[in-house]
Amino acid sequence: MNCATHADSVALAKCEGCMQPFCSICLVDRGGHYFCSRCLSSRGVSSHAGGAPEGLCRPGTAFGLGLIPGVGAICNGEYFKAFVHVVVFGFLISISSGSHVGGFEPLFGLLISAFYFYMPLEAYQTARRKLLEAQGVLMAKPQKKSRSDTLWTGMILILLGVVFFLNTIVPVALSAILKLWPAFLIIFGIVHVWMAIQKGTAKEKKS
């Protein structure tokens, strides 16, 4: 079987779009799926890996905008994530600039720096994944938010709101809460251990 374009060349595979045989020169590999340039163009995807379909944020752009809290997530179309980023970043700055953090200033300075650099990197990775999925290099999977992820997000936002509220009414409340931070780690660990045990029990019942 010869190539439909180059009659003297042996076909490597059939294009999954038009089902015609093509050689290695004519085909573009997209994650193990072969397409000819014509079919890629009809799908709105560039035959070059650097092309970005219209409407998608380029990874470099997402990284640059991610240096502004929340904007990188907005570029990727993730508005709720952008809201969470802004709230968390503002919360950390508000606490570090307060007068009741005791000796925790270095800790919050480190957390602010880590979260600030996390935002553009996360925006870059998200934009890169979406671009590869649109180009067919990665197979797009339906994004389903698990109930546990939604629960943890809600709990974190409620906790931040409670801390802000208490600090407004009783200024020394923030200092007292910060002294209890090991207790939050213990509770977090217990919850995860319990969830792991529950998953193991569920698997044993299914088997």
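Figure 1. Cys75 counts as partly exposed, at 24% relative accessibility. Buried here means under 20% relative accessible area, exposed means over 50%, and partly exposed lies in between (1.4 Å probe, protein chains only). Cys57 counts as buried, at 9% relative accessibility. Cys57 and Cys75 form a disulfide, with 1.8 Å between their sulfur atoms. A disulfide is a pair of cysteine sulfur atoms within 2.5 Å. The rule gives a count of one disulfide. The torsion about the S-S bond of Cys57 and Cys75 is about 95 degrees, so the disulfide is right-handed. Helices (H or I, at least four residues) and strands (E, at least two) are DSSP runs, numbered from the N terminus.

This is a predicted model, in which local features need pLDDT of at least 70 and side-chain atom pairs count only at pLDDT 80 or more, while totals for chains, interfaces and linings use all residues. Residues are numbered from 1 along each chain as its sequence is written, and side-chain values use heavy atoms, with hydrogens and water left out.

Figure 2. Cys18 is in no disulfide. Its nearest cysteine sulfur belongs to Cys15, 3.8 Å away. Cys18 counts as partly exposed, at 32% relative accessibility. Cys23 is in no disulfide either. For Cys23, the nearest cysteine sulfur is that of Cys3, at 3.7 Å. Cys23 is buried, with a relative accessible area of 3%.

**Figure 3. The largest nonpolar core.** A nonpolar core is a set of buried Ala, Val, Leu, Ile, Met, Phe, Trp, Tyr and Cys residues joined through side-chain atoms within 4.5 Å. The largest has 11 residues. They are Val84, Val88, Phe89, Phe91, Leu92, Ile95, Phe108, Ile112, Phe115, Met119 and Leu160. Helix 4 (79-96) and helix 5 (105-135) each supply at least two residues of this core. Helix 4 gives the most, with six residues. A second, separate core has 10 residues, including Phe22, Cys26, Phe35 and Cys39. In soluble globular proteins, nonpolar side chains tend to be buried together.

Figure 4. Phe115 is found in helix 5. Phe115 is buried, with a relative accessible area of 15%. Leaving aside neighbours within four places in sequence, Phe115 is in contact with His85, Val88, Phe89 and Leu92. Contact means heavy atoms within 4.5 Å. Phe115 and Phe89 are 26 residues apart along the chain, and 7.2 Å separates their C-alpha atoms. His85 lies in helix 4. His85 is buried, with a relative accessible area of 6%. With neighbours within four places in sequence again set aside, the contacts of His85 are Gly70, Ala73, Phe115, Tyr118, Met119 and Glu122.

Figure 5. The structure holds four aromatic pairs. Rings of Phe, Tyr and Trp (its six-membered ring) pair if their centres lie within 6.5 Å; planes under 30 degrees apart count as stacked, over 60 as edge-to-face and the rest as tilted. Phe89 and Tyr116 form a tilted pair, 6.0 Å centre to centre, with 40 degrees between the planes. This pair links distant parts of the chain: Phe89 is in helix 4 and Tyr116 in helix 5, 27 residues apart. Phe89 is buried, with a relative accessible area of 13%. Tyr116 is partly exposed, with a relative accessible area of 26%. Tyr116 and Phe117 form an edge-to-face pair, 5.6 Å centre to centre, with 80 degrees between the planes. Phe117 counts as exposed, at 52% relative accessibility. Ring pairs link Phe89, Tyr116 and Phe117 into a cluster.

**Figure 6. The buried face of helix 2.** The buried residues of helix 2 are Pro59, Ala62 and Gly66. Seen down the axis of helix 2, they fall within an arc of 60 degrees, so they line one face of the helix. The arc is that of the directions from the helix axis to the C-beta atoms.
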